[in-house]
Amino acid sequence: MPEWTVLLYGLPLAFLAGFIDAVAGGGGTITLPTLFFMGLSPAQAVATNKLLAIFGSGSATMQYGRAGHIEWLLMARLIPLALIGSALGAYLVHFVDPNVFKNLVAVVILGVGVLVIVNKKFGLEDRYPGLSGRMLALTLPGTLIVGLYDGFIGPGTGTFLMFLFTLAGFNLVRSSGNAKAINFATNVGAFIFFLLGGKMVFWIGLPMGAANALGAYVGARMAMLRGSAFIKVIYALIVLLVSARLLIH
């Protein structure tokens, strides 16, 4: 059986991951195990997954941005911090075992999910106050910490970002758009790092990246069409998926 046949199940899963990630984050919990199952080594899977993420997060960012659901003035302040945090997290991996923290992070994500679900009004209304000092005091350090987590462990980064932006006053649609913009920036940084390492499998990554981008396009359009209530349901499912991914080492 020729090698390319692995794409027969890789492509639909990449589409599904793009759809879910554009709505509520967590797409990597689908694509990374898929790449392992397709026979890639751990280094190849992680590197190729960043190639997919570039396509998916870029597609979603474009859709949310065109519809005005990204606060670009805020993003200009937060993206550098996310990049710094991601680089620092990747550096810390060499000194601290991420597995030590995975169970704790899983519990935190579940707690975040419970807060979002129990509070019926959470994320349904847009109460963003603008670039106030109080809002920046929340989002600046918050983004740095989430960026560090992204470089250190990874799964659930978009989920944490959405929660952060919802706390800042955005509804879940705009929170998703802002999260995708930051995800795209950190994915670009990681992509360059992994590209230099020479581990990317392009014959798998490029077609699956295209499927991921298509799924992200559909997911972003669906999220904007159906609104924050729809995102809240998907968000709850992603919380469970990410938590399971962290607990199953």
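Helix α6 gives the most to the lining of the second largest pocket, with six residues. The model is predicted, so local features need pLDDT of at least 70 and side-chain atom pairs count only at pLDDT 80 or more, while totals for chains, interfaces and linings use all residues. Residues are numbered from 1 along each chain as its sequence is written, and side-chain values use heavy atoms, with hydrogens and water left out. Helices are DSSP runs of H or I with at least four residues, numbered from the N terminus.

A pocket is an open set of points on a 1 Å grid over the protein atoms alone, where a 1.4 Å probe fits, with protein on both sides within 12 Å along at least five of seven lines; lining residues have an atom within 4 Å of a point. The second largest pocket has a volume of about 370 Å³, a volume being the space filled by probe spheres set on the points. Its lining has 15 residues, and Val108, Ile145, Val146, Tyr149 and Phe160 lie nearest the centre. At least two lining residues come from each of α5 (99–118), α6 (133–152) and α7 (157–167). By class, the lining has 14 nonpolar residues, one polar and no charged. Here Ala, Val, Leu, Ile, Met, Phe, Trp, Tyr, Cys and Pro count as nonpolar, Asp, Glu, Lys and Arg as charged, and the others, Gly among them, as polar.

Helix α6 also meets α4 (residues 72–92): their axes come within 6 Å and cross at roughly 35°. Axes are lines fitted to C-alpha atoms, for helices over the stretch in contact, and angles run from 0 to 180 degrees between N-to-C directions. The contact residues include Leu74 and Leu78 of α4 and Thr139 of α6. Contact means heavy atoms within 4.5 Å.

Threonine 139 lies in α6. Is this residue buried or exposed? Threonine 139 is buried, with a relative accessible area of 0%; buried means under 20% and exposed over 50%, with partly exposed in between (1.4 Å probe, protein chains only). Leaving aside neighbours within four places in sequence, threonine 139 is in contact with Leu74, Leu78, Leu164 and Ala168.

A second pair is α3 (residues 42–66) and α8 (residues 172–197), which pack at about 145° with their axes 8 Å apart. Their crossing is left-handed.

Key
Left-handed = near helix turned anticlockwise from the far one by under 90°.
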